[in-house]
Amino acid sequence: RISEDQLKNISIPKGSMKHISKDELETFLKIFNTQRYSALPGGSIANSLHAANKHNAQTYFSCSIGDDEFGELFIDSFKLMNESISFYKSSLPTGICLIFVTPDGERTMAANLGANLDLCPESLNVDVLRASDFLIFDNFSLSTDKGAETIEYSLSLETDLRICFGISDKSLVKKNDKKIKKVFLNKIYLLYGNEDEIKELERVISNPALNTLISKGPEGASYNQEYFKASQIEIVNSNGAGDALIGTFLAYADVIGDEKALKKAVSYASKVCAVNGPRLWIRIKKRHLSGVFNYIKTRIDT
């Protein structure tokens with residue numbers, strides 16, 4: 001938790017993210033040592049699958065982690081909530097993302113990729129992937145060559161997967177433009193992001209996705225022509241809200257229809273904004289949807 005003045009000194013635009021080196025990570029940890037509020041498992045897709053799982057979806061996550069304390073913390077968080085995971089053990093340290101939260105609840109991120117640089121096809125459970133209904137991944141995975149290769153491999157499999165792609169951060173659109181265009185050679189079932197991210201993407205490529213889910217922050221969200229306004233709340237930490245939105249929406253879309261699914265998604269994302277951290281650690285009865293690494297399965301297990 002930092003002040004607005006402190007945020008100005010870290011050279012990261014408010015509300016955005018920046019990839020940082022190991023040295024930069026250690027410097028930030030030293031500077032803000034007394035302001036560290038918590039250390040929690042996160043990651044955009046992992047957060048989304050957590051939200052889907054909490055709304056009765058069967059989910060599966062694949063990743064690359066380090067053989068260290070943070071890697072064990074991450075794995076244990078999945079075991080604790082009975083969520084499925086497969087992973088590749090990297091010689092690099094587990095990736096860490098510093099979330100700087102200002103008094104207004106806005107989050108600004110500094111991510112050291114670490115073991116994420118070693119994301120590879122070997123981290124996937126191909127049998128689960130083939131049996132899934134949704135494959136969900138985002139621009140963060142495209143930021144590394146091995147991550148892009150893993151996505152390309154996943155998309156090359158003969159499956160009936162509905163592909164969901166998250167823009168993640170507007171700063172990554174230009175950086176990953178060639179990789180994004182390659183992804184969009186495939187039929188994209190769902191594109192998701194906030195309004196600024198969607199506009200940035202449209203500067204690079206016209207949106208050919210079949211459906212679009214747009215987060216509008218405190219104003220709520222829209223799905224194609226549907227719109228649902230969020231209730232006013234006191235925002236504690238906006239980190240993970242967009243992740244919760246997409247995960248919850250996918251858990252319900254095939255069950256109760258788009259309008260009701262959007263309403264539940266906005267409501268749950270608002271609850272995430274009202275707590276510290278990117279997830280709600282509440283047990284909710286299980287229902288249906290499964291995801292992996294970046295892939296999700298649904299409907300079959302209703």
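The paragraphs below go through this predicted model from its overall make-up to single residues. Local features are described where pLDDT is at least 70, side-chain atom pairs count only at pLDDT 80 or more, and totals for chains, interfaces and linings use all residues. Residues are numbered from 1 along each chain as its sequence is written, and side-chain values use heavy atoms, with hydrogens and water left out.

The protein has 12 helices and 13 strands. Helices (H or I, at least four residues) and strands (E, at least two) are DSSP runs, numbered from the N terminus. Of its 302 residues, 53% count as buried, where buried means under 20% relative accessible area, exposed over 50%, and partly exposed in between (1.4 Å probe, protein chains only). The accessible surface comes to about 14200 Å², and 49% of this belongs to carbon and sulfur atoms; such areas come from the Shrake-Rupley method with a 1.4 Å probe, and for residues only the protein chains shown count as cover. Among contacts (heavy atoms within 4.5 Å) between residues at least 6 apart in sequence, 73% join residues at least 24 apart.

One place to start is an open sheet of three strands, in the order β1-β5-β4 and with mixed pairing. Strands β1 (17-19) and β4 (96-101) are at the edges with a single partner strand each, so one side of each has no neighbour in the sheet. From one strand to the next, the twist averages 15°. Two strands pair if DSSP finds at least two bridges between them; β1 and β5 (residues 107-112) have three, in the parallel sense. In β5, A110 is the bridge partner of K18. Helix α2 (residues 22-31) lies across β1, β4 and β5, at about 40° to β4. Axes here are lines fitted to C-alpha atoms, for helices over the stretch in contact, and angles run from 0 to 180 degrees between N-to-C directions.

I2 is in the segment before α1 (4-8). With a relative accessible area of 6%, I2 is buried. Leaving aside residues up to four places away in sequence, I2 touches L7, F32, Q35, F100, V101, T102 and P103. T102 is 100 residues from I2 in sequence, yet their C-alpha atoms are 5.3 Å apart.

Strand β7 (residues 162-166) has five of its five residues buried. Both of its faces are covered, with R162, C164 and G166 on one side and I163 and F165 on the other. Strand β6 (residues 134-138) runs parallel to β7 and is joined to it by five bridges, with F134 opposite R162. Four bridges join β7 to β8 (residues 188-194), also in parallel, and L190 in β8 is the bridge partner of C164.

A nonpolar core is a set of buried Ala, Val, Leu, Ile, Met, Phe, Trp, Tyr and Cys residues joined through side-chain atoms within 4.5 Å. The largest has 35 residues, of which F61, F74, I136, L190, L213, F249 and L250 touch the most other members. Elements giving two or more residues to this core include β6, β8, α11 and α12. Another core, of 24 residues, lies apart from it and includes L129, F137, L161 and I163.

In helix α12 (residues 258-273), the buried residues include A261, L262 and A265. Their cover includes α3 (44-54), β9 (211-215) and α11 (241-256).
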